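Thanks for making the time this morning. I would like to walk you through one model, going from helix packing to sheets and then to a single residue.

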Amino acid sequence: MTAARAHFDEAQGALIASGVWHADSIIPVLPKLAGKVVRILDGAGITELDTNGAWLLLAAARPQAGDPMPEFRSFQPHHLAMLELVAQYSAVTDAKPKPPREGVLELAGRGTLVIWGHVIGLVNFIGRLFLELVDLMAFPGRWRWRELGAQVNAVFVGAIPIVFGMLFLLGVVFAYLLGSQAQQYGANIFVVDGLLLAIMREVSPVIVAVLVAGRTGAAITAQIGTMKVTEEIDAITTLGLSPLAVLVIPRVIALLLAMPLLVFIGDIAGILGGMAVTKEQLDISSHMFMDRLVDVMDLKTLLVGVCKAPVFAIFIALIACRMGLSVTRDARSVGNNTTSTVVQSLVAIIIVNAIFAVMFVRLDI
Amino acid sequence: MAESVIEVHDVSIKLGGYSIHRGLSLSVARGEVIALIGGSGSGKSVLLREIIGLVKPQGGRIKLFGKSVWDSTPAQMNSLRRRFGVLFQDGALFSSLSVEDNVATPLFEHTELPRVTCRQLARLKLAMVGLPPDAARKRPSELSGGMRKRVALARALALDPELLFLDEPTSGLDPISGRAFDALIRLLADSLGLTVFLVTHDLDTLFSIIDRVIVLSDGRVLGSGTLAELKQIDDLWLREYFAARPTEGETLYGN
């Protein structure tokens, strides 16, 4: 492919162009074209010209749309037609300034409005859900048992291996670190106390909630969001069903049921992990471990952890479903809302957990 | 006869155990506006995807501009891709980019022009397909179906291809937008010297802007020619197909 060539004839004020004028063959010529006053365009030597080439040629001859059109000289007829076609549209292609970038203050303001919008949206969503629940109480036949079963399967059964694995490893790490400190004071057996308290009260509920937010919360938003994009939600509404009853309530209840169970599984896994370490590191046999466990564990420790789970579950489910339903009809917003679900859920989990911690201390639990 | 831009020779493919094409051959000359028709499941879209290098046929040869599609190196294939544009059925616009950037993307990727110039060229293309200037900064999701098709057409035209593939360009458009889109395609084909290969179900498109029609049936080319020539072919599907168009002032069903 021969490149485009151009030179400027100062005497005539003529831009004499030749060669192949395509979008990419033209690049070496561009700098030569800048800043000249062109009265005549000579295209006798041009062998190929497409719309991109024609526009670039015109732009060179006429930097602003308001500048007078140069005279076209000795173009081939179809090249001339191409130039005239492009010239018709040249007014719209003037470079427009980009909107100015936003400052920190504007971004902060916008961010605050977004957070406020989420809070209001969540409260509104809870209200609508509550009305829907009242409706469902009146007509128990409308409960979606099958959907509920499928959701419990997805949320609970599918999550067991990862919850077990994570908490087992956390139990190992926790017992190991605690053990290496306790050993210095000969307080080996108290590792069991510490492990129990940490895993059951804090680690298991929070880690399970984080896992569920990432695993199930994101999945719920992506699924409901994609249904929104493909108009399935609209179809559900026009069939006289309520998307809240069909999609949201089964998911909320499934999470509500699954989370305490997952936390309980997490408790067991964490203790087993700790047990494996104490046996190796601290010479506490499984028998001694279990004896101590029975001595120090009371129901309260277990319940404190397990009772947090439903609260986390409600937050995760509500946030995930609401973000799913507020997807607009494009792929980008599915991604944005899924991200937002995970972020909002994690923030909610941490805030709620902090509130619980303060509350339990004040209540001497 | 002018040089042939698309050459399909003896192509066969099986998908999911079904034979879709059995020794299919066709060719398209430079400057023609060709429509590919055929019943549902006759493999029109598969053929289109074979020609543009998305689905590999199990037998036969496909050439674009005299170069084999499936024996090219990736670099050769890329330079071939710059010479044709594709309009997908639902537009396939990138929802994360503005309309203007959608059209400018091929220019960003395949030329070394400055970004500002690419965007200006994109606005030229948008104006050529008849979109108002204020559409350029919008997102694809803010446009109507007909406008999205026009944006997709502008993107297909971004690199000034010699050959344009259109997959059901008027499906999902109301009759008025559909006819306007047909007229636009013909206008661009004539003024830019394009070769157009379109897959369609739309009889009105066939009757208004097409030079030659190729009919697919049973994995082969049943016939090709002008509409008048096709009407001579004695084939059940083809007769029903042409009969499906009610003539003026008459409805098929109802009163």
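Before the helices, one term: a crossing is called left-handed if the near helix is turned anticlockwise from the far one by less than a right angle, and right-handed if it is turned clockwise. Please also keep in mind that what you see is a predicted model.

With that term in hand, let me start in chain A, where helix H9, residues 243-281, passes helix H11 in a right-handed crossing. Helix H11 of chain A covers residues 299-325, and the two helices pack at an angle of about 150 degrees, with their axes 8 Å apart. Angles over 145 degrees count as roughly antiparallel, and H9(A) and H11(A) are therefore roughly antiparallel to each other. If you sort the residues of this contact by class, you find 21 nonpolar, one polar and two charged.

H11(A) has another contact to show you, with helix H7 of chain A, residues 190-229; here the axes come within 8 Å and cross at roughly 15 degrees. H7(A) and H11(A) are therefore roughly parallel to each other, and H7(A) also passes H11(A) in a right-handed crossing. By class, the contact of H7(A) with H11(A) has 20 nonpolar, eight polar and three charged residues.

Now to the place where the chains meet. The contact takes 20 residues from chain A and 20 residues from chain B. Which elements of chain A give two or more residues to the side that touches chain B? They are helix H2 (51-61), helix H3 (77-88) and helix H12 (331-362). On that side of chain A there are 10 nonpolar, five polar and five charged residues.

Let me move over to chain B, which has 255 residues, 41% of them buried, and whose secondary structure comes to nine helices and 10 strands. Among its contacts between residues at least 6 apart in sequence, 64% join residues at least 24 apart.

One sheet of chain B is open and made of four strands, in the order S2-S1-S4-S5, with antiparallel pairing. Its edge strands are S2 (18-29) and S5 (67-68), each of which pairs on one side only. Further in, strand S1 (residues 4-15) and strand S4 (residues 59-64) of chain B pair in the antiparallel sense over five bridges, and if you want a residue pair to look for, the bridge partner of B:Ser12 in S4(B) is B:Gly59. Helix H1 of chain B, residues 44-51, lies across S1, S2 and S4, running at about 120 degrees to S1(B).

There is also an open sheet of six strands in chain B, in the order S6-S7-S8-S3-S9-S10, and here the pairing is mixed. S6 and S10 of chain B stand at the edges, each with a single partner strand, so one side of each is left without a neighbour in the sheet. Neighbouring strands of this sheet are turned by 15 degrees against each other on average, direction ignored. Helix H5 of chain B, residues 145-156, packs on the sheet and touches S6 and S7, its direction making about 165 degrees with that of S6(B).

S6(B) and strand S7 (residues 163-167) of chain B run parallel and are joined by four bridges, with B:Leu87 opposite B:Leu166. Strand S3 (residues 33-38) and strand S9 (residues 212-217) of chain B also run parallel, over five bridges, whereas S9(B) and strand S10 (residues 220-225) run antiparallel, again over five bridges. In the hairpin of S9(B) and S10(B), with two residues between the strands, B:Asp218 takes a positive phi near 60 degrees.

What about the faces of S6(B)? In a regular strand the side chains alternate between the two faces of the sheet. In S6(B) both faces are covered, with B:Phe84 and B:Val86 buried on one side and B:Gly85 and B:Leu87 buried on the other.

I will finish with B:Arg83, which sits in the loop between helix H2 (74-81) and strand S6 (84-87) of chain B. B:Arg83 touches B:Phe65, B:Pro161, B:Glu162 and B:Leu163, leaving aside residues up to four places away in sequence. Of these, B:Glu162 is 79 residues from B:Arg83 in sequence, yet their C-alpha atoms are 5.7 Å apart in space.

How values were computed. Residues are numbered from 1 along each chain as its sequence is written. Chains are lettered from A and ligands numbered from 1 in the order in which they are written. This is a predicted model: local features need pLDDT of at least 70, side-chain atom pairs count only at pLDDT 80 or more; totals for chains, interfaces and linings use all residues. Two strands pair if DSSP finds at least two bridges between them. Two residues are in contact if their C-beta atoms, placed from the backbone, lie within 7 Å. Axes are lines fitted to C-alpha atoms, for helices over the stretch in contact, and angles run from 0 to 180 degrees between N-to-C directions. Angles under 35 degrees count as roughly parallel, over 145 as roughly antiparallel, 65 to 115 as roughly perpendicular and the rest as oblique. Ala, Val, Leu, Ile, Met, Phe, Trp, Tyr, Cys and Pro count as nonpolar, Asp, Glu, Lys and Arg as charged, and the others, Gly among them, as polar. A residue is buried if 20 or more other C-beta atoms lie within 10 Å of its own, exposed if 12 or fewer, and partly exposed in between; C-beta atoms are placed from the backbone.
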